[in-house]
Amino acid sequence: FKKGETMKSKKGNIFIALGIIFIAGAIGLCGYNLIESKSAEESSKSAVMEIEQQIIPKKEEYIYENAGEMEIPDYILNPEMDMPKVKIDGTEYIGTLEIPSLRLKLPIISEWSYPTLKIAPCRYFGSVYLDNMVIAAHNYSSHFREIENLSIGDEVVFTDVDGNEFFYSVSAKEVLPPTAIEEMTSGEWNLTLFTCNSAGNFRIAVRCDKTE
């Protein structure tokens, strides 16, 4: 009888120990995610400031040189052109994205990769000049976590590094499986923003149409 009780006690202790390990692991993962999110927030704010510092002189020069003239921007004459970039700390950016209703202003990295997504949102596909750009970001609170809360008609503004502004409004929201790459990049949407949910088992896509 005592031997049986001892076995039960040992099993109970093992389950308790495993429970403690799992809880500690979850707390550690949560802490790691918070640190990553905070680091991404600081990197994004710094990059936005540097991008804007480079945009302002370009806009002032453009206005001065073309005062009184109707100058047609290069991207209208040649929509196929590469989007201009600025390099900050070794990373190339194509502009900034602002979502006023979420109080977000974020830098957009030229090309996406898993390491760069930890710094800032990235261009996943397309070009703002061709009206088919797709932007991906992690589900950080400082990046795209809240885009699922956007409402139809909310404004989104993209500014390229030459200071050209492109205005959009939210037209639709979709939930797609992680493997839906073609569905993410197809369609007639002028701009798409997407991120994974917290569990990583589906993607939230916000579709936007261009406005005047």
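This is a predicted model: local features need pLDDT of at least 70, side-chain atom pairs count only at pLDDT 80 or more; totals for chains, interfaces and linings use all residues.
Residues are numbered from 1 along each chain as its sequence is written, and side-chain values rest on heavy atoms, with hydrogens and water left out.

Side chains of opposite charge can pair when their charged atoms come close. With a salt bridge taken as a side-chain nitrogen of Lys or Arg within 4 Å of a carboxyl oxygen of Asp or Glu, the count comes to 5. One of these joins glutamate 111 to arginine 123, with an N to O distance of 3.5 Å. Glutamate 111 lies in the loop between strand E3 (104–109) and helix H3 (114–117) and arginine 123 in strand E4 (residues 122–125), so that the bridge ties together parts 12 residues apart in sequence; helices (H or I, at least four residues) and strands (E, at least two) are DSSP runs numbered from the N terminus. Relative accessible area was classed as buried under 20%, exposed over 50% and partly exposed in between, using a 1.4 Å probe and protein chains only. Glutamate 111, at 52%, is therefore exposed, whereas arginine 123, at 10%, is buried.

A salt bridge also forms between aspartate 131 and lysine 210, at 3.2 Å from N to O. This pair links distant parts of the chain, with aspartate 131 in the loop between E4 and strand E5 (133–136) and lysine 210 in strand E9 (residues 203–210), 79 residues apart. Aspartate 131 is partly exposed at 26% relative accessibility, and lysine 210 is partly exposed at 36%. In a further bridge, the closest N and O atoms of arginine 207 and glutamate 174 are 2.5 Å apart. Arginine 207 belongs to strand E9 and glutamate 174 to strand E7 (residues 165–176), so this pair ties together parts 33 residues apart in sequence. Arginine 207 is buried, with a relative accessibility of 2%, while glutamate 174 is partly exposed at 28%.

Serine 110 is likewise placed in the loop between E3 and H3 and is buried, with a relative accessible area of 1%. With contact meaning heavy atoms within 4.5 Å, and residues up to four places away in sequence not counted, serine 110 touches Lys85, Glu92, Tyr93, Ile94 and Arg123.

A nonpolar core is a set of buried Ala, Val, Leu, Ile, Met, Phe, Trp, Tyr and Cys residues joined through side-chain atoms within 4.5 Å. The largest has 25 residues, and those with the most contacts inside it are Leu97, Phe158, Leu191 and Leu193. Two or more residues of this core come from each of strand E2 (91–99), E3, E5, strand E6 (155–160), E7, strand E8 (191–196) and E9. Apart from this core lies another, of 19 residues, among them Ile51, Ile109, Leu117 and Met184.

The whole structure holds 6 aromatic pairs, in which rings of Phe, Tyr and Trp (its six-membered ring) have centres within 6.5 Å, with planes under 30 degrees apart counted as stacked, over 60 as edge-to-face and the rest as tilted. The rings of tyrosine 75 and tyrosine 129 are stacked, because their centres are 4.9 Å apart and their planes stand at 15°. Tyrosine 75 lies in helix H2 (residues 74–77) and tyrosine 129 in the loop between E4 and E5, 54 residues apart, and both are buried. Ring pairs also link Trp112, Tyr114, Tyr124 and Phe194 into a cluster.
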